[in-house]
Amino acid sequence: MSVLLVLVCLHAEPVSIPLFEAGKDGYALYRIPTIVVTPKGTLLVACEARKSRSDWGQIDLLARRSTDGGKSFEKPFPIAILEGKVERNPAAARQKLGKPGEITVNNPVLIAARDGTIHFLYCVEYARVFYRRSTDEGATWGKAVEITAALEPLRKTYAWQVVATGPGHGLETTKGRLIVPVWLSTGAGSGAHRPSIVSTLASDDGGKSWKAGAVVADETDPLRNPNETTVAELPDGRIMLNIRHESKTRRRAISTSKDGLSGWSTPVLDEALPDPVCMGSLLNVGKTLYFSNLHSTSGRVNLGLRRSDDAGKTWKEVTRLHKGPAAYSDLAASPDGRTLWCVYECGDGKDPYRRLMLTRLELKKDK
């Protein structure tokens with residue numbers, strides 16, 4: 001059945017190329033990818049470039065750009081800016097995570113807006129959130145502006161010390177609102193990433209100002225430690241969040257809202273979307289919803305792509321993107337909706353983080 005679905009949905013077999021490889025150019029790992037395609041067709045991929053294998057430590061953010069439809073990519077370039085003195089996150093320091101002098105720059109999130117602007121959010125030390133933009137297809141970038149204050153209202157009900165944007169791509173809605181999922185933690189638990197809650201950041205003025213949404217998911221049953229979340233706009237205008245969490249029931253959690261800020265539905269588990277506790281990616285292309293994640297409940301293996309033609313009510317497996325060790329992924333589509341791109345972590349042996357791979361899938365146009 002899976003092979004038949006591939007023939008129905010794709011023009012040809014997927015084509016894959018490596019973008020980053022562990023151990024190259026002074027970095028132990030390249031992780032946490034985000035990808036967008038601009039209205040002019042420029043591809044931009046960003047990721048964490050880690051000096052060690054830890055979530056805490058010296059981490060830079062690098063990007064690669066393609067202006068020829070993914071046939072070739074420019075050399076990696078730094079996309080995050082650090083200005084002034086940066087303090088280590090006290091939640092990490094208490095648990096002796098990372099080392100003095102090492103700065104963690106984490107969780108890149110890209111948004112390609114319809115007016116050609118590329119919006120970029122990222123975090124420093126899982127404590128501060130910054131925003132940059134490009135108006136020339138990612139060739140140059142504006143000043144980094146701190147927007148952490150937008151999340152301060154959430155401290156009234158949740159004493160967070162750790163914050164992370166996305167990861168993966170954010171969203172520009174049909175009405176022009178920019179939306180980025182975020183997760184926050186008190187930092188008291190393991191890895192200084194637990195316990196955790198999920199919310200959103202949104203901008204209605206093209207990134208000039210940002211505001212926090214309501215809490216979408218917390219420790220309320222059936223969820224435990226909800227965290228990395230992906231977002232899409234459904235054909236009827238509702239905003240859907242697809243949420244990773246650490247509950248024993250290894251199924252993705254779903255919540256929707258009319259505006260992406262408030263009125264979130266109670267999260268429910270989608271029985272059709274098994275998950276081993278790993279980041280996934282959600283993308284709406286026309287009236288079709290795509291979701292990439294690991295087709296497993298026991299380990300980070302077997303990355304696959306699912307398709308829904310009824311706004312996530314039911315899912316069909318389209319194709320397997322990688323057999324064997326794999327992890328985080330992110331999706332983007334060409335302006336004409338004919339090409340789907342997936343950037344993902346994958347490897348061989350027992351290591352799912354050996355490289356960041358980019359796969360191109362040519363879709364058949366809906367009749």
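**View A. Asparagine 225 and its loop.** Asparagine 225 sits in the loop that joins β14 to β15 (229-233). Strands here are DSSP runs of E with at least two residues, numbered from the N terminus. The model is predicted: local features need pLDDT of at least 70, side-chain atom pairs count only at pLDDT 80 or more, and totals for chains, interfaces and linings use all residues. Residues are numbered from 1 along each chain as its sequence is written, and side-chain values use heavy atoms, without hydrogens and water. Asparagine 225 is not a glycine, yet its phi is positive, about 50 degrees. Its relative accessibility is 4%, so asparagine 225 counts as buried (under 20% relative accessible area; exposed is over 50%, partly exposed in between; 1.4 Å probe, protein chains only).

**View B. Valine 277 and its backbone.** Valine 277 lies in the loop between β18 (268-274) and β19. Its phi is positive, near 75 degrees, in a residue other than glycine. Valine 277 is buried, at 12% relative accessibility.

View C. The bond from glycine 166 to proline 167 is cis, with omega near 5 degrees. Proline 167 belongs to the loop between β10 (162-165) and β11 (171-172). The bond from arginine 194 to proline 195 is also cis, with omega near -10 degrees. Proline 195 is found in the loop between β12 (178-185) and β13.

**View D. Aromatic pairs.** Rings of Phe, Tyr and Trp (its six-membered ring) pair if their centres lie within 6.5 Å; planes under 30 degrees apart count as stacked, over 60 as edge-to-face and the rest as tilted. The count is nine aromatic pairs. The rings of tyrosine 131 and tryptophan 210 have centres 5.7 Å apart and planes at 55 degrees, so this pair is tilted. The pair links distant parts of the chain, 79 residues apart: tyrosine 131 is in strand β8 (residues 128-134), and tryptophan 210 is in the loop between β13 (196-203) and β14 (211-212). Tyrosine 131 is buried, with a relative accessible area of 5%. Tryptophan 210 is buried too, at 10% relative accessibility. Phe120, Tyr122, Phe130 and Trp141 make up one aromatic cluster.

**View E. Charges over rings.** A charge sits over a ring if NZ of Lys or CZ of Arg is within 6 Å of the ring centre and within 35 degrees of the ring normal. Lysine 51 places its charged end over the ring of tyrosine 27, 4.6 Å from the centre. Arginine 155 lies over the face of tryptophan 160, 3.7 Å from the ring centre.

**View F. The largest nonpolar core.** A nonpolar core is a set of buried Ala, Val, Leu, Ile, Met, Phe, Trp, Tyr and Cys residues joined through side-chain atoms within 4.5 Å. The largest has 25 residues, of which Tyr290, Leu305 and Leu340 touch the most other members. Its largest share, seven residues, comes from β22. Leucine 340 has contacts (heavy atoms within 4.5 Å) with residues including Leu283, Tyr290, Leu305 and Leu361, not counting residues up to four places away in sequence. A second, separate core of 22 residues includes Trp56, Ala91, Ala192 and Leu223.

**View G. The seven-stranded sheet.** This open sheet has the order β1-β24-β23-β22-β21-β20-β19, with antiparallel pairing. Two strands pair if DSSP finds at least two bridges between them. The edge strands, β1 (15-21) and β19, each pair on one side only. Six bridges join antiparallel β20 and β21. Asparagine 293 stands opposite glycine 304 in β21.

Note on methods
Helices (H or I, at least four residues) and strands (E, at least two) are DSSP runs, numbered from the N terminus.
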